[in-house]
Protein chains: 2
Amino acid sequence: MKLFIGNFFPDEVKLQDEEEHHITRVLRMSSGENIYITDGKGNLAQGKLILTGKRVEVEILEIFPPEQPKKNRLHIAIAPTKNIDRFEFFIEKATELGVSEITPLLCANSERKNLKIEKIQKQVESACKQSLRTIFPIIHPLTPLKEFMEKEPENLFLTHCYKEYKKVSLKDILPQPNKTTILIGPEGDFSKKEVEELYSLGATGVDLGKNRLRTETAGIFVAAGYWFSDLS
Amino acid sequence: MKLFIGNFFPDEVKLQDEEEHHITRVLRMSSGENIYITDGKGNLAQGKLILTGKRVEVEILEIFPPEQPKKNRLHIAIAPTKNIDRFEFFIEKATELGVSEITPLLCANSERKNLKIEKIQKQVESACKQSLRTIFPIIHPLTPLKEFMEKEPENLFLTHCYKEYKKVSLKDILPQPNKTTILIGPEGDFSKKEVEELYSLGATGVDLGKNRLRTETAGIFVAAGYWFSDLS
């Protein structure tokens, strides 16, 4: 089963231009092959390829009932790692594991202060196609922690390594009935000042176990815990 | 806190030769700095560096009571991915998440038929040092599935994508009281013949949820589920 990205109109489903190139030049698919198309917002259609010369047309065979977004969504706000490969790996895994929203965070101890969000977006799309997701996670731009706190002050959880602050186990907070937002700091952790600001805002510390986890491992682990707690 | 690898003798703790180079040339540490030393088998000591010229000595300050291996161990047997980076990422994450044993599997649909086990071993050591583990996971050589089944025929679980075989949720099998062995197939999945052989041996199919997960994601997810189910 191959999934591609397209746009859904009231009376038409249209492949994205880039996907046409992908179908003919990269995958070298043939007329008559079946494909699936999604808009990343829950819509899904099945169609048959009709290739004539350089043109790619799709005969739509079926439009499925749209997938509904989950109620118990997970938003991970995480400082991108210095080594971008590690962050990209987190992005791919979090997407495959069904995280709903990701905000790259800029913190006091962040070693990485910039991020090509278009590249991240491409990886998200690719991971969604691979894992057959029809609802793509929302990727926010790199956001300073302070701004994030002002925008999303409620129901925040944060992971950190300081021993002097109270924490609850990740196991006890997943799944929440609605949206959970979990913050993960950079390689040098949140600064003490940041942790205190978050706690004073009502955020709850989350314990991820006794061993030290890398930033991206903490992120993947939180995403996996979310998926795990949601298994039937 | 910096952790290094050494050997523990009845009356002495000795750093591995490679670690000496690492301390002086790579990390450029100084006399008087405190370090921790483990043998990867649960032993842990704290010591103070004494550097004279090119020689590295350690004054042992404390030897801690050895860490006991966990009863509910997890053994992941997994087919290495075609793209070795993905497999190495799995190895690092599984190690950080405390998996006890890893066997790279050779299956009917394996695209990768060889593996440099020494390189994998190095990565395991590096991940253990980073995440402060004093019991290192056991890494077995690349093993044909048939041989693995003969060696470890009991309490096997396997993940696969075939819909016609009965499966239980990962959530329902973790944590087991003793050792759990979970098999994860290659990019093309286990062959139907392999799945049938495993089931006829008494293995149980495990469901990882409705979305398609890549081989290494399935591996990381199983490791994360193990860590998650073991959180206090």
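Let's start with one pair of residues: A:Glu92 forms a salt bridge with B:Arg214, and the closest N and O atoms are 3.5 Å apart. A salt bridge here is a side-chain nitrogen of Lys or Arg within 4 Å of a carboxyl oxygen of Asp or Glu. The model is a predicted one, in which local features need pLDDT of at least 70 and side-chain atom pairs count only at pLDDT 80 or more, while totals for chains, interfaces and linings use all residues. Residues are numbered from 1 along each chain as its sequence is written, chains are lettered from A and ligands numbered from 1 in the order in which they are written, and side-chain values use heavy atoms, leaving out hydrogens and water.

Now step back to the whole interface between the chains. On the chain A side, 36 residues are in contact with 37 residues of chain B, where contact means heavy atoms within 4.5 Å. The area buried between chain A and chain B is about 3,400 Å², and carbon and sulfur atoms give 57% of it. Three residues, A:Lys171, A:Arg212 and A:Phe228, supply 22% of what chain A buries against chain B, more than any other three residues. Buried area is the accessible area (1.4 Å probe) that two parts lose on being put together, summed over both.

The rule finds 8 salt bridges across this interface of chain A and chain B. It also finds 25 residue pairs in polar contact there, both residues at pLDDT 80 or more. On chain A, the elements giving two or more residues to the side that touches chain B are helix H2 (84–96), helix H3 (117–130), helix H5 (170–173) and helix H7 (215–230). H7(A) gives the largest share of that side, 9 residues. Helices (H or I, at least four residues) and strands (E, at least two) are DSSP runs, numbered from the N terminus. A polar contact is a pair of N or O atoms within 3.5 Å; within protein, one must be able to donate a hydrogen and the other to accept it, and residues adjacent in sequence count only if both atoms are side-chain atoms.

Next, find B:Glu96, which sits in helix H2 (residues 84–96) of chain B. Is this residue buried or exposed? B:Glu96 is buried, because its relative accessible area is 1%, and buried means under 20% (1.4 Å probe, protein chains only), with exposed over 50% and partly exposed in between. Leaving aside neighbours within four places in sequence, B:Glu96 touches residues including A:Arg212, A:Leu213 and B:Trp227. The side chain of B:Glu96 reaches the backbone nitrogen of A:Arg214 at 3.1 Å.

Finally, look inside chain A. The domain assignment (bounds from an automatic or database assignment) gives domain 1 (3–63) and domain 2 (74–230). The C-alpha centres of these domains of chain A lie 33 Å apart. Their contact takes 11 residues from domain 1 and 9 residues from domain 2. Between the two domains of chain A about 770 Å² is buried, 61% of it given by carbon and sulfur atoms. A:Leu3, A:Ile5 and A:Gly40 supply 58% of the area that domain 1 buries against domain 2, more than any other three residues. Across this domain interface the rule finds 2 salt bridges. The side chains of A:Glu18 and A:Lys122 meet in a salt bridge, at 3.0 Å from N to O.
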